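This report covers side-chain interactions in one structure, with the criteria used for each. The sequence and the coordinates come next.

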Amino acid sequence: KYDIEAVPDGTGEPSGPQWKSMLQKLLVSRFGLKFHQDKKVLPVYLLTVARGGEKMSLDTSNPNGLPGLFFHGLGKLGVRNATMHDFTGLMQSAVLDRPVLDKTGLEGKYDFELDWTPDESQFVNMGVHVPPPSADATKAEANQPPDLYTAIKEQIGLQLQATKAPADVMVIDHVDHPSQN
């Protein structure tokens, strides 16, 4: 493990892609990282539009504004001014255990709420352990939100399907111990 202290070379708060670019440059310069992008068939989730169409609100209020994707607890997600790429990126990094590919074909930015009951396979990337349902859970099930797959279909009109498909991967060709300051 390494602690990294770095100063951005620009002014203002860097965006997500700018942070990634800066970190990539730092790894190349300090660790001698050499890599290339490739495609590999992997287990993935495909996000598509469900039969009946999407049920989200198109957000035209601030086309250049930053997206807002905020968890209000496990299984409670508020999304504002976000693309489907933003949404799939969050689902991949925080909730699900494999890449999530946007195959919706939807352009623009959307607002929506998503409310589901997580299972023990979700939120592992965030270091959260969702306990399995207890024996008494059947009494409370009538008042609980649906599972993630049902919630995505019913609440926002999309569909999440587990399959195998080509996905972008980074192949590390070379890396060294870090150089000194």
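## Arginine 98 and its partners

Arginine 98 and aspartate 97 are joined through their side chains by a salt bridge, at 3.8 Å from N to O. The term salt bridge requires a side-chain nitrogen of Lys or Arg within 4 Å of a carboxyl oxygen of Asp or Glu. Arginine 98 also sits over the face of tyrosine 45, 4.8 Å from the ring centre; such a placement requires NZ of Lys or CZ of Arg within 6 Å of the ring centre and within 35 degrees of the ring normal. With a relative accessibility of 24%, arginine 98 counts as partly exposed. Buried stands for under 20% relative accessible area, exposed for over 50%, and partly exposed for values in between (1.4 Å probe, protein chains only).

This is a predicted model, in which local features need pLDDT of at least 70 and side-chain atom pairs count only at pLDDT 80 or more, while totals for chains, interfaces and linings use all residues. Residues are numbered from 1 along each chain as its sequence is written, and side-chain values use heavy atoms, with hydrogens and water left out.

Four salt bridges are found in a search of the whole structure. One of them pairs aspartate 168 with lysine 39, with 2.8 Å between the closest N and O atoms. Aspartate 168 belongs to strand S7 (residues 158-174) and lysine 39 to strand S1 (residues 34-49), so this pair links distant parts of the chain, 129 residues apart. Helices (H or I, at least four residues) and strands (E, at least two) are DSSP runs, numbered from the N terminus. Both aspartate 168 and lysine 39 are exposed.

Lysine 76 and aspartate 115 form another salt bridge, at 3.0 Å from N to O. This pair links distant parts of the chain, with lysine 76 in strand S4 (residues 76-82) and aspartate 115 in strand S6, 39 residues apart. Lysine 76 is partly exposed at 37% relative accessibility, and aspartate 115 is partly exposed at 28%.

## Aromatic pairs

The structure has four aromatic pairs. Rings of Phe, Tyr and Trp (its six-membered ring) pair if their centres lie within 6.5 Å; planes under 30 degrees apart are stacked, over 60 edge-to-face, and the rest tilted. Phenylalanine 71 and phenylalanine 123 make an edge-to-face pair, 5.4 Å centre to centre with 75° between the planes. Phenylalanine 71 is in strand S3 (residues 68-71) and phenylalanine 123 is in the loop between strand S6 (110-115) and helix H3 (137-140), so the pair ties together parts 52 residues apart in sequence. Phenylalanine 71 is partly exposed at 26% relative accessibility, whereas phenylalanine 123 is buried at 0%.

The pair of phenylalanine 87 and phenylalanine 112 is edge-to-face because the ring centres are 5.2 Å apart and the planes stand at 90°. Phenylalanine 87 in helix H2 and phenylalanine 112 in strand S6 are 25 residues apart, and the pair links distant parts of the chain. One aromatic cluster consists of Phe71, Trp116 and Phe123.

## Threonine 88

Threonine 88 lies in helix H2 (residues 84-95) and is buried at 3% relative accessibility. Its side chain reaches the backbone oxygen of histidine 85 at 3.1 Å. Leaving out residues up to four places away in sequence, threonine 88 touches Leu47, Val100, Leu101 and Asp102, where contact means heavy atoms within 4.5 Å.

Technical notes:
Polar contact = N/O pair within 3.5 Å; in protein donor to acceptor, adjacent residues only side chain to side chain.
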